[in-house]
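Thanks for coming. Please have the sequence and the model open while I talk.

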Amino acid sequence: MNRTVMLVDDEAGIRIVLGIALSDMGYIVHPAETGEQALELFRSTHPAIVLTDIKMPGMGGIELLQAVKRENPDVEVIMMTGHGDMDLAVRSLKYDATDFVTKPISDEALEVALKRARDRIAIRKQIRDYTENLELLVREKTQKLIEAERLAAVGEAIAGISHSIKNIAGGLKGGAFVLEKGIELHNDQYLYQGWTMIKGNVEKIANLSMDLLNYGKSSEIHCRICDPNQPAREIIDLMTPLAEASGVRLEAVFSTALQSICLDPDAIHQCLNNLVANAIDACTEKSPSDSPGTVTLRTLKTAGLGVEYQVEDNGCGMDEDTCRKLFQSFFSTKGSKGTGIGLMTTKKIIEKHHGDILVKSTLGKGTIFIMRMPESPRL
Ligand SMILES: Nc1ncnc2c1ncn2[C@@H]1O[C@H](COP(=O)(O)OP(=O)(O)OP(=O)(O)O)[C@@H](O)[C@H]1O
Ligand SMILES: [Mg+2]
């Protein structure tokens, strides 16, 4: 392609002589008689180099230069000038001509100008290759960085899980020890104590594995048009027995003005489950002399067409420090009873829906979690 030259001159003699010289130098030559003809030929042959007379009847050399540069700014255009055309020659350089050669044209001058054109083409190609390589390099590096971040997050998650498992294993070991003592000493009280410890820890490990499974699942959401009250209703049915067993009243206040919207109802169910379980825990943390624990699950219509879920409790509340940390992975104040996955998962699910979650809490008074979901998660 670099070796294709379009030769434009209105003088047949020059076209013949230069055509022969160019062919001898190894170029494929496309001759044209006028600027107009040249432009047409340019569009069909796409030469890398154009060698054109500067003064021609009709479309002049500078006009042709501008026209071909508009079509392809990378084309190299060498102007052929007569004596006294210096002004025109200089003007052509302003329009990014590669060079100009003065008639009568010697082979040497022509070769120098053509070499210059080929060098410019080669440099441009080098720059383009280099830029492409650079882009590739940047993409690779970014990918590696993302990978490293992901690995760091996995490391952090494994550390948290190991910590929880270590606690549970400790509890199981303790339980087994007490149980063994009970067998050894025929002591029913030890037997009962040991068994209770083991049972509690088996429950914990079952919960932990469920949490981890749910956490894995939460990476994907599957939205569909649904009644936003539906997951809330399910939670009330599911959690009422648990709340009652803990002496906590669970209330439902659902808006009747809500329209169906696009949500993942299973994921929302999971979020509400976490929030209500936390609220019941918070109520059981209070001293028995306080007013009875109440948890209220509300659904409300938001200003747009979305939905707001609220989970309010009059439980133990939180200090500022806890409020700041509660969405962090594996943050829990419940010792071996909590894994600290609940709110982290909840937040992740809400973010996937492009919604948001906020919390207001007063230590000793209670807490409200507000989940706002947009009408459509714009997936
Ligand atoms: N309604 C609430 N009232 C008071 N404290 C709360 C409430 N909800 C959350 N918290 C605090 O936030 C912490 C993190 O909650 P999160 O649900 O993530 O974990 P968890 O309940 O400890 O464990 P799990 O993974 O089993 O849910 C809790 O340990 C608790 O200290
Ligand atoms: Mg929780």
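Helices and strands here are DSSP runs, numbered from the N terminus: a helix is H or I with at least four residues, a strand is E with at least two. Thr 81, the residue I begin with, sits in strand 4.

A word on the source. This is a predicted model, in which local features need pLDDT of at least 70 and side-chain atom pairs count only at pLDDT 80 or more, while totals for chains, interfaces and linings use all residues. Residues are numbered from 1 along each chain as its sequence is written, and chains are lettered from A and ligands numbered from 1 in the order in which they are written.

Is Thr 81 buried or exposed? A residue counts as buried if 20 or more other C-beta atoms lie within 10 Å of its own, exposed if 12 or fewer, and partly exposed in between, with C-beta atoms placed from the backbone. Thr 81 is buried because 21 other C-beta atoms lie within 10 Å. Two residues are in contact if their C-beta atoms, placed from the backbone, lie within 7 Å. Leaving out residues up to four places away in sequence, Thr 81 touches Ile 54, Leu 88, Ala 89, Phe 100, Thr 102 and Lys 103. Thr 81 and Pro 104 are 23 residues apart in sequence, and their C-alpha atoms are 8.9 Å apart.

Ala 89 belongs to helix 4, residues 86-94. With 20 other C-beta atoms within 10 Å, Ala 89 is buried. Beyond its neighbours within four places, Ala 89 contacts Ile 54, Met 79, Thr 81 and Phe 100.

Next, the cores. A nonpolar core is a set of buried Ala, Val, Leu, Ile, Met, Phe, Trp, Tyr and Cys residues joined through C-beta atoms within 7 Å. The largest has 30 residues, and those with the most contacts inside it are Met 6, Val 8, Val 50, Leu 51, Val 77, Ile 78 and Met 79. Among the elements that each supply at least two residues of this core are strand 1 (4-8), strand 4 (76-81) and helix 5 (107-185). A second, separate core of 29 residues includes Ala 243, Val 248, Leu 272 and Ala 279.

Now the helix pairs. Axes are lines fitted to C-alpha atoms, for helices over the stretch in contact, and angles run from 0 to 180 degrees between N-to-C directions. Helix 7 (residues 229-245) and helix 8 (residues 265-284) pack at about 35°, with axes 9 Å apart. The residues of that contact divide into 11 nonpolar, three polar and one charged. Here Ala, Val, Leu, Ile, Met, Phe, Trp, Tyr, Cys and Pro count as nonpolar, Asp, Glu, Lys and Arg as charged, and the others, Gly among them, as polar.

Helix 8 also meets helix 10 (residues 342-352), at roughly 145° and with axes coming within 9 Å. That contact has seven nonpolar, six polar and no charged residues. How many residues of helix 10 are buried? Eight of its 11 are, including Leu 343 and Lys 347. After helix 10 comes His 354, with a positive phi near 60°.

Last, the overall layout. An automatic or database domain assignment gives the bounds: domain 1 (4-105), domain 2 (153-216) and domain 3 (222-373). The C-alpha centres of domain 1 and domain 2 lie 87 Å apart. Ala 89 and Pro 241, 152 residues apart along the chain, have C-alpha atoms separated by 94 Å.
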